[in-house]
Amino acid sequence: MSQMKNPSRRKMKKIHEFRHRFPFRHSSLALAATTKDTASKSKVETKKGPPPKPKYKFQNYDKPIILMGLSSTNGNELERLALSLSGALVGNQPKKLEKMVENLERSQGAGLLGGGDDDFFDGDDDDIEAMIQNIKNGKTAKGEEIPNTDQVQPKVVAGISLSALGLDAEGPFVLDASLIRDLIRQKTLSLKSGVIVLDFNHAAFRDQEGYNAKEFEVDLIRALSSVAMQLYEDEGLLSVYVNVQLDDEEGMSEEAKERKNVIEKDVLIPFTDYELCIKNEGLMPPATEGDETESSLPSWNDIEWELQRMIARALLPPPIVGESATSGGANSADLLMGMNTFFLSLSFPKVEDAAPYVEEMCKDVDSMEYRVDLLASAREYLEHNSETCDEEDKKPDPRFDILYQQQRLRTLCRPHAQRAPALPFAGSDIIDNALPIVYTVRTAHQAGTWPDDEAGIRQMFDLLELGLRSAVEVLDVESAWDKQLTDKLLVRAQQRYTSLILGSHHVVGSEVTMEEAIELYRQCRISNRAHGAKVVLSINDNENNKDQMAYEASVAAAKMDDPEIPNIGLVLGEQGSYSRILNPRFTPVTHESLPAKAAPGQLTAAEIMAARVLTGQIPSQKYAILGHNIAYSVSPQMQGSAFEAVRLPHVYTRADVATVEEFVEGPIWNDDNFGGCSVTIPHKQNIIPHVDVLTDAAKEIGSVNTVIVKKDKFGTRVLIGDNTDWKGIFNPLRRKLGDDSGKKGSNGMALILGGGGTARAAAYAASKLGLERIYFNRTPEKAMDLAKEFGGIVAHSLDNDAESKDSLGAILAEHQGSLEVVISTLPAAADFTLPEWVLASSALPIVFDVNYKPYSTALLLQAMEKGCDVVRGSEMLWEQGVGQFELWTGRTAPYGVMKKVVLENCLPKSK
């Protein structure tokens, strides 16, 4: 590959110097032989040397994403998904996309843009400007409208699709993997600078005037397969197989179908980690606004959403066995399988059969169990993989239907998923309507239907790996089966996926002793790789309270191993109904709207919660917000709605007092059922002497905004002071900054305005983000105190005065820093705005105002006018409130409910 002398000024036709051209001649090799030869070479190469390291990093992933597969003839599914995903990854911000297009033009990567359409794009400055303007207008780079997008959704900005295959006047070409690798290492290509597409049904595979596609088909398959292998295995890129299988027989040519059959097992599955299934959604007309009757039908919007959910799950930090709820991890089993959580076991042979009941079910449960063994397509899967099944009799592989139906379950739940937890997305958004799914293949001797002979168990593990490929939240793994197959599955899960593992064992038809039950819990830890353990027992009678054995064994087992993980204990049958009331975590339930129970003895979530309240297992606790002059506070509505959404019988009120002493001597604080409180101005520091324990965050920040009540082993009340204000600042900024902030040599700086308790939380959050801190306050002494405690520099003015070393401009110049964030903790009444010069730079800072009333302060209005990305105090309010709720309840918060209440109370009222 030759080097380009002036890449920023080159013409697009020069990209041929960097393309991997082939001696395009007709090959007599069969397609199958070609792809199998490529795959076999890959396998031989990977066996040389030491075992390969994990190819995919869960945290701080900053490489592009690959979509590969075959689009339908008219759907163009892969490119459209790449455009929508790319736009979402940068938060649908045109300015960021403009920079990315410019960066690609200045590099060899311009050849990836626009799919190699030289008639459109020659690489001149005028062409670059045209691309940028098209992106601003929410179109593709070539200026085309994005087809079939659902108009019921807010208009989004089209991102950047980077095609590795193209066709021009000189013929087809495939970009060399080394070019893409170089662009990645130069940081020209990254997570947020475009999505790479490997479409094995690109236009280059179809005949056109003067072009015989068949002549090049074998070479193109070989070349694209090689690129797929190198980018996946050598570069460790996160890859998704977009599996398009239309109901319409004419939607994909017979040649394309044959090509797909040939390469699926050798290329598309081995060189991807995740799989997205599409039927006819890419060919459907746009949904019409307000058309509620059609809302449950499949749509293109559902496909785009599912891909974003999948990527969000893939980019979560890997789950940590034993991580406690207090750590607030985004992927914590202690929260998702938390106190008073429920999952509903679906027993329908087809997911669509559940559609009439989904809305009511979602009101009472936190997850859905997808019972693969009960699906009609599971029986087809067994027949398809049977050794007695002739090749001619085989129907299309039902693995597609198993994946697709799980997607449909998510789609059906999505409009009603009010109890769904927050799922951070790599852009600046939160997915708050993805109800978690428990993926289960239950075997015949463990209260299921899946065959548990040798062949059946082998196929069960294949299906469990399919669950990982769907980015499922919880994977149920029976702990009793083949150790080698279990180890292989869990090693792959640890290296490449973020799914929580629920080790399980069911004892059917016989009783066990207490000692045996405890050992079953320990077995279900699966060598400390399971994040939760579920043991289900059988009893012949209820003498000596046998229905309590599963719960008692779970408590005993939890004390025997470290770290402690959530234990779930149940007893089968009608005699075991009480065990479902006793079990405090992640209880399987039925629903009163369903025509039948999934298992004998199951209760509804409503029945279990009523019984727990009646027996005192869940006392009605009292919470409050402690402050003064707080009639404006939205916290009572927010927390009250959250308690109601998850059916907890708690009460949240205001405690408006001039001094802390009035509250700690009053009835709420001293009530036996006092559960905790939020603390706001002016009491965040004055409350500290009245708590027993301070968390590390509260100690370092020096203020408390949350009091949590716990009981020690003697039943004595312990008051814990914590601070979630910093999380309310940290979380939205981290999403907007991504993983670029705080990296060595980045010189990112945060300007913090104000000097009170919230400024302290802002300083703590900025330090956690890796940003250098600059403080400004009208009382310099307070700013100096912050610098002394949290590190950083004090600015005595916000001027751009080179002669004054204490001015903001001089500090930035001296440290060669870029101002990435401005956090204002000043009162909204101050009507503060920044000097014009601060917002005159091409690299605009994110502006964060902690005030949530008014919705848009003077500072935010100024920042938005200048084109800055902003964070409102309303977002901080619900983020810190979510943290408080989870600390109090030990379970996931209904993020969407809390956000909705805050916005309803903070948004300006329309006249």
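Biologist: At what angle do helix α23 and helix α24 pack?

Modeller: This is a predicted model, where local features need pLDDT of at least 70, side-chain atom pairs count only at pLDDT 80 or more, and totals for chains, interfaces and linings use all residues. Residues are numbered from 1 along each chain as its sequence is written, and side-chain values use heavy atoms, leaving out hydrogens and water. Helix α23 covers residues 757-768 and helix α24 residues 780-790, with axes (lines fitted to C-alpha atoms over the stretch in contact) 11 Å apart. Between N-to-C directions, on a scale from 0 to 180 degrees, the angle is about 35 degrees.

Biologist: Which residues of α24 make the contact with α23?

Modeller: Contact means heavy atoms within 4.5 Å. From α23 come Ala759, Arg760, Ala763 and Tyr764. From α24 come Leu786, Glu789 and Phe790.

Biologist: How far apart are the end C-alpha atoms of helix α28?

Modeller: Helix α28 has 12 residues, 895-906. The expected span is 1.5 Å times one less than the number of residues, so α28 should span 16 Å. The computed distance agrees: 17 Å.

Biologist: Which elements do the buried residues of α28 pack against?

Modeller: Buried means under 20% relative accessible area, with a 1.4 Å probe and protein chains only. The buried residues of α28 include Tyr895, Met898 and Val902. The buried residues pack against β12, α19, α22 and α27.

Biologist: What share of the protein's residues count as buried?

Modeller: The protein has 28 helices and 30 strands, taken as DSSP runs (H or I, at least four residues; E, at least two). Of its 911 residues, the buried share is 58%.

Key. Buried < 20%, exposed > 50% of the residue type's maximum accessible area, 1.4 Å probe, protein only.
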